[in-house]
Amino acid sequence: MLKEAAGETRCAAIPETVKKFIALGAEVAIERGAGANASVTDADFEAAGAKLGTRDDVLKDAGIILAVSGPDPQSLNGAAKGALLVAALDPTRRGDAVKAYAAAGLEALAMEWMPRITRAQSMDVLSSQSNLAGYKAVIDAAGTYGRAFPMMMTAAGTISPAKVFVMGVGVAGLQAIATARRLGAQVSATDVRSATKEQIQSLGAKPIFVENVAGIEGEGAGGYATEMSPEYQEAQAELISGHIAKQDMVITTALIPGKPAPRLISDAQIVSMRPGSVIVDMAADAGGNVEGTIAGEKVVKHGVTIIGATNLAKSLPADASALFARNLYNFLSVFWDKDQGRPVLPDDDEIVKGIRLTQGGKVVHERLTAA
Ligand code: NAD
């Protein structure tokens with residue numbers, strides 16, 4: 001396993017997964033200091049049975065290279081041809097790096113392209129990290145909000161509960177609802193996929209949905225959202241405007257695969273919120289759901305703080321690493337061939353087809369070769 005580049009706090013293995021890989025028959029080598037940001041010491045890894053060394057030491061003879069973020073291809077000089085590189089490789093934005101992995105003879109596997117199928121749920125890094133991110137978004141909102149979350153009846157008077165509205169109820173949104181509820185807020189939520197209505201209710205929150213408008217069903221391939229009709233967007237904006245004006249905190253998570261994030265909150269709607277309110281825009285990296293969001297920054301507009309959240313899971317490095325590391329183990333162990341002492345990845349397997357980017361010196365993934 002590699003030590004990540006600066007800025008990445010997570011690590012791709014934890015002592016538990018090291019032990020499990022060894023139980024499969026693998027030898028595990030870890031670059032010194034790789035777990036430091038995630039509160040895992042070299043001694044913890046050694047106690048689990050890993051060998052510690054320099055980047056050169058761990059790359060030499062490695063059949064599988066584990067990382068969280070896609071490593072700089074130049075930092076992989078010395079890796080064996082045919083080695084698997086397993087990480088969140090961000091292939092859409094890092095096309096040149098993917099080509100360089102191919103040129104180096106590496107077989108690059110992009111974990112974030114794991115198909116959303118039942119068999120792959122335990123390998124899904126997007127879900128494991130989004131879940132933590134949804135939690136952290138609410139904690140960050142709570143830290144910025146100058147008032148309390150729960151209703152409190154005190155000798156000095158009553159504090160009313162905070163009102164939290166979650167827009168986009170995928171993995172992150174569901175966890176945001178659950179977290180805000182646990183903190184004692186009054187929670188409501190909306191999505192374009194009507195299947196989420198029941199999920200919102202089951203978490204004790206109020207669904208806010210557009211009814212009786214053409215093009216209302218926003219569920220497309222793989223359970224992801226589709227772009228909505230203009231009629232729907234208009235009706236949604238009207239409904240949401242009235243609702244947002246009464247909210248203390250809004251968490252937005254809406255994404256549409258392959259497209260910029262849909263714009264859900266306009267400047268006029270921000271003006272309607274009371275000063276001191278907080279918006280956490282979890283789609284900041286994809287262009288933002290909120291007018292005026294700046295990715296990675298906290299800005300105050302009309303007295304409302306807008307947090308342009310980017311990769312919140314990184315700010316929970318210990319838990320995020322543990323879940324990421326288990327996702328990697330769950331994937332590799334399913335394909336492990338005990339006799340060969342390594343994973344064997346069949347060309348016709350849906351999971352392999354979903355995530356394999358390069359093979360035999362070439363870029364092979366159809367999403368990359370078609371472009
Ligand atoms: P996502 O991060 O792609 O999007 C977040 C949410 O935003 C989604 O619920 C989406 O419907 C919603 N959204 C999009 N446009 C919107 C708009 N204009 N207004 C309001 N909401 C909007 O979502 P995700 O967390 O990746 O989940 C996507 C789907 O994949 C879900 O159906 C989820 O249950 C499914 N999933 C399946 C698996 C599996 O089976 N392995 C794993 C994870 C997720």
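This is a predicted model: local features need pLDDT of at least 70, side-chain atom pairs count only at pLDDT 80 or more; totals for chains, interfaces and linings use all residues.

Author: Start with a strand pair. S13 and strand S14 (residues 304–308) run antiparallel, joined by 4 bridges.

Now widen the view. The sheet is open and has 7 strands. Their order is S10-S9-S8-S11-S12-S14-S13, and the pairing is mixed. Strand S13 (298–301) is one edge, and strand S10 (206–207) is the other. Each of these edge strands pairs on one side only.

Helix H6 (residues 171–182) lies across strand S8 (163–167), strand S9 (186–190) and strand S11 (249–252). Against S9, H6 runs at about 165°.

Next, the domains. The domain assignment gives domain 1 as 15–123 + 317–370, and domain 2 as 130–315. Taken over C-alpha atoms, the centres of the two domains are 34 Å apart.

Now to helix H10 (residues 317–334). Helix H5 (residues 125–144) packs on H10 at an angle of about 165°, and their axes are 9 Å apart. Angles over 145 degrees count as roughly antiparallel, so H5 is roughly antiparallel to H10. The crossing of H5 past H10 is right-handed. From H5, the contact uses Val 125, Ser 128, Gln 129 and Leu 132. From H10, Asp 319, Ala 320, Leu 323, Phe 324 and Asn 327 meet them. By class, this H5–H10 contact has 5 nonpolar, 3 polar and 1 charged residues.

H10 has another helix packed against it. Helix H1 (residues 15–24) packs with H10 at an angle of about 15°, with axes 10 Å apart. The cut-off for roughly parallel is under 35 degrees. H1 and H10 are therefore roughly parallel to each other. H1 passes H10 in a left-handed crossing. On the H1 side are Thr 17, Lys 20, Phe 21 and Leu 24. They meet Ala 325, Arg 326, Tyr 329 and Ser 333 in H10. This H1–H10 contact has 4 nonpolar, 2 polar and 2 charged residues by class.

H5 lies roughly antiparallel to H10, whereas H1 lies roughly parallel to H10. H5 makes a right-handed crossing with H10, while H1 makes a left-handed one.

Notes: Residues are numbered from 1 along each chain as its sequence is written. Domain bounds come from an automatic or database domain assignment. Two strands pair if DSSP finds at least two bridges between them. Helices (H or I, at least four residues) and strands (E, at least two) are DSSP runs, numbered from the N terminus. Two residues are in contact if their C-beta atoms, placed from the backbone, lie within 7 Å. Axes are lines fitted to C-alpha atoms, for helices over the stretch in contact, and angles run from 0 to 180 degrees between N-to-C directions. Angles under 35 degrees count as roughly parallel, over 145 as roughly antiparallel, 65 to 115 as roughly perpendicular and the rest as oblique. A crossing is left-handed if the near helix is turned anticlockwise from the far one by less than a right angle, and right-handed if clockwise. Ala, Val, Leu, Ile, Met, Phe, Trp, Tyr, Cys and Pro count as nonpolar, Asp, Glu, Lys and Arg as charged, and the others, Gly among them, as polar.
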